Amino acid sequence: MAAPATARPSLILPRASSHSHSQPSAGGLTSDRVTASNRRRGDFVFVVNPSGANGRTGKQWKQLLPHLRTRLADQCNICECITSGPSHAIDVTREAIKDGADAVIAVGGDGTLHEVVNGFFWKGSPVRALDRGPDHSTALGLIPLGTGSDFARTFGWTNDPRDAIDRIVRGVKSKLDIGAMEGPNREPHFFVNVADIHLSAKAGYFASMYKRFGNLCYVFGALRAFWGHNNRDMRIKVNGGEWRTVHKVTALCIGNAKYFGGGMKITPTADPFSGNLEAVWRHASVSEWCVVNKGSVNRSSRGDG
């Protein structure tokens, strides 16, 4: 797995938006836009995961719509897409960018944000608008309404969507680092928060099965992951250096931001605006960490330890 810091997309720190009443278009997208001339105001596309936080995201989104319209409807065309399942947010984001959206805002937790981020890319390259010219870029935004919302913790953001809307209204923008991974088939995959391998990755997988318990899902996920777990020897190379064998590795985490697992500060010095990633691995009751200077972390497993 390689995890370089890749090109920085245009990012809106959280952009919020609202609902629409007009007819749906392809992909389930609905919009307040009626005529093409309105497009000059800019399109904000809100990608909503109604199943986030065990269904609470969908309910909160509906309650939020009147406030969104009040704050933003006179500034932009508000488009909405309710996702229907895994990877739908990726497809919707790509189509919105191709159509020239000014912002795509993830409404949900870290899983929804992760899919939206991957929708900004296709086969490793950024997706571009088809008819807006080479200087046009689409901003990424977030209304954190998930179970953990760990990415938002790095900035001190709460799960209060009205705070996110206030930031959007102020037009706060920045550039954000994105990490990239490659699997065995060399297909690139992108992450904005923390990428992890082995025990912590298994814990996250199992935690998704217990979302109905709120943040306790991470406790249950960790317990499930420990059951039958074996540490593994790994060969690790950082920043193009020499391969190093690390015995009995429990987990390897590469952070663009600081938190995962419902508030665990796993990569405490990571800064998503620094151009660097932070790598942490735990083995034999010892934790090691290093800064990845716009380079890469490579690893390979060497059997059970």
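What you see is a predicted model, in which local features need pLDDT of at least 70 and side-chain atom pairs count only at pLDDT 80 or more, while totals for chains, interfaces and linings use all residues. Residues are numbered from 1 along each chain as its sequence is written, and side-chain values use heavy atoms, with hydrogens and water left out.

**The chain as a whole**

The secondary structure comes to 7 helices and 20 strands; helices (H or I, at least four residues) and strands (E, at least two) are DSSP runs, numbered from the N terminus. Of the 305 residues, 50% count as buried. Here buried means under 20% relative accessible area, exposed means over 50%, and partly exposed lies in between, with a 1.4 Å probe and protein chains only. The accessible surface is about 14300 Å², and carbon and sulfur atoms own 52% of it; these areas come from the Shrake-Rupley method with a 1.4 Å probe, and for residues only the protein chains shown count as cover. Take the contacts (heavy atoms within 4.5 Å) between residues at least 6 apart in sequence: 72% of them join residues at least 24 apart.

Helix α7 spans residues 216-226, and its buried residues are Cys217, Tyr218, Gly221 and Ala225. They lie on the same side of α7 because they cover an arc of only 95° around the axis, the arc being that of the directions from the helix axis to the C-beta atoms. The face turned away from this buried side carries the exposed residues Leu223 and Phe226. Cover for the buried residues of α7 includes α4 (150-153) and α6 (199-207).

In α6, the buried residues are Leu199, Ser200, Ala203, Phe206 and Ala207. Their arc is only 125° around the axis, so they too sit on the same side of their helix, α6. The elements covering them include β13 (194-198), α7, β15 and β16 (259-260).

**A hairpin**

Strands β14 (residues 232-238) and β15 (residues 244-255) run antiparallel and are joined by 4 bridges; two strands pair if DSSP finds at least two bridges between them. Arg232 has Val249 in β15 as its bridge partner. The two strands form a hairpin with 5 residues between them, and Asn239 in the turn has a positive phi of about 55°.

**Some buried residues**

| Residue | Relative accessible area |
|---|---|
| Asn118 | 6% |
| Cys79 | 1% |
| Cys81 | 0% |
| Phe191 | 2% |

Asn118 is found in helix α3 (residues 110-119). Its side chain makes a polar contact of 3.5 Å with the side chain of His189; such a contact is a pair of N or O atoms within 3.5 Å, where within protein one must be able to donate a hydrogen and the other to accept it, and residues adjacent in sequence count only if both atoms are side-chain atoms. Leaving out residues up to four places away in sequence, Asn118 touches Ile90, Arg94, His189 and Phe190.

Phe191 belongs to strand β12 (residues 188-191). Phe191 and Met181 are 10 residues apart in sequence, and their C-alpha atoms are 7.9 Å apart in space.

As for the cysteines, the structure holds 0 disulfides, a disulfide being a pair of cysteine sulfur atoms within 2.5 Å. The closest cysteine sulfur to that of Cys79 is in Cys76, 8.2 Å away, which is too far for a bond.
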